[in-house]
Amino acid sequence: MNIKKLSMGIVLALFLMSHVAIRAADWPQWRGPNRDGKAPAFQAPKEWPAELQRQWSVVVGAGDASPVLVAGKLYVHARQNDDEILICLDANNGTEKWRSAHPAPEIKGPPSSHPGPRSTPTVANGKVITLGAGGILTCTDGASGKVVWRKDEFARVPEFYTAMSPIV
């Protein structure tokens with residue numbers, strides 16, 4: 001797996017989201033506020049810049065999950081070494097506010113080229129819900145990073161692991 005390429009993709013997504021963080025509406029789940037891929041509050045600038053300028057970047061780890069934006073905070077679900085992590089970043093400057101980590105099952109076989117989470121977090125009522133590649137479902141307090149509950153006892157993980165974003 002090309003970690004550098006994957007990390008750069010996440011950094012690019014974070015940059016693009018942070019570039020409009022102050023003006024943007026919340027993007028609390030997969031495909032946005034209404035799960036339809038639309039940004040209803042977006043106002044296109046009268047004139048686009050000739051070139052984008054990086055405001056900040058943070059290496060977060062492996063994963064295919066999109067970050068979510070709520071109240072100026074970016075929540076990123078990724079894998080670092082043997083752990084799945086949830087990081088809360090200040091969307092304006094990339095400063096880490098908190099992180100939560102737990103051991104995650106090893107991704108084996110053909111899916112091992114994507115060892116990180118594939119499910120975008122969902123934020124609702126101040127809680128961040130994540131679903132790891134190995135099926136671990138976690139509810140974390142969005143303000144403190146403390147785990148509220150975790151469901152890690154599952155009957156069977158799909159052959160290619162989990163890749164669906166929680167809905168609340």
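Predicted model: local features only at pLDDT ≥ 70, side-chain atom pairs only at ≥ 80, totals over all residues.
In strand 7, Asp-141 is the bridge partner of Lys-127.

**Pairing with strand 7**
- Strand 6 and strand 7 (residues 137-141) run antiparallel, with 5 bridges joining them.
- Besides Lys-127 and Asp-141, there's Leu-131, which sits opposite Leu-137 of strand 7.
- These two strands make a hairpin with 5 residues between them, and Gly-135 there takes a positive phi near 95 degrees.

**Pairing with strand 5**
- Over on strand 5 (residues 122-124), 3 bridges link to strand 6, again in an antiparallel arrangement.
- Thr-122 has Ile-129 of strand 6 as its bridge partner.
- Strands 5 and 6 also form a hairpin, this one with 2 residues between the strands; in the turn, Asn-125 has a positive phi of about 50 degrees.

- Put together, the strands make an open sheet of 4 strands in the order 5-6-7-8, with antiparallel pairing.
- Strand 5 and strand 8 (147-151) are the edge strands; each has a single partner strand, so one side of each lacks a neighbour in the sheet.
- From one strand to the next, the twist averages 15 degrees.

How values were computed: Residues numbered from 1 in each chain as written. Heavy atoms only, no water. Pairing = 2+ DSSP bridges. Axes fitted to C-alpha atoms, helices over the stretch in contact; angles between N-to-C directions.
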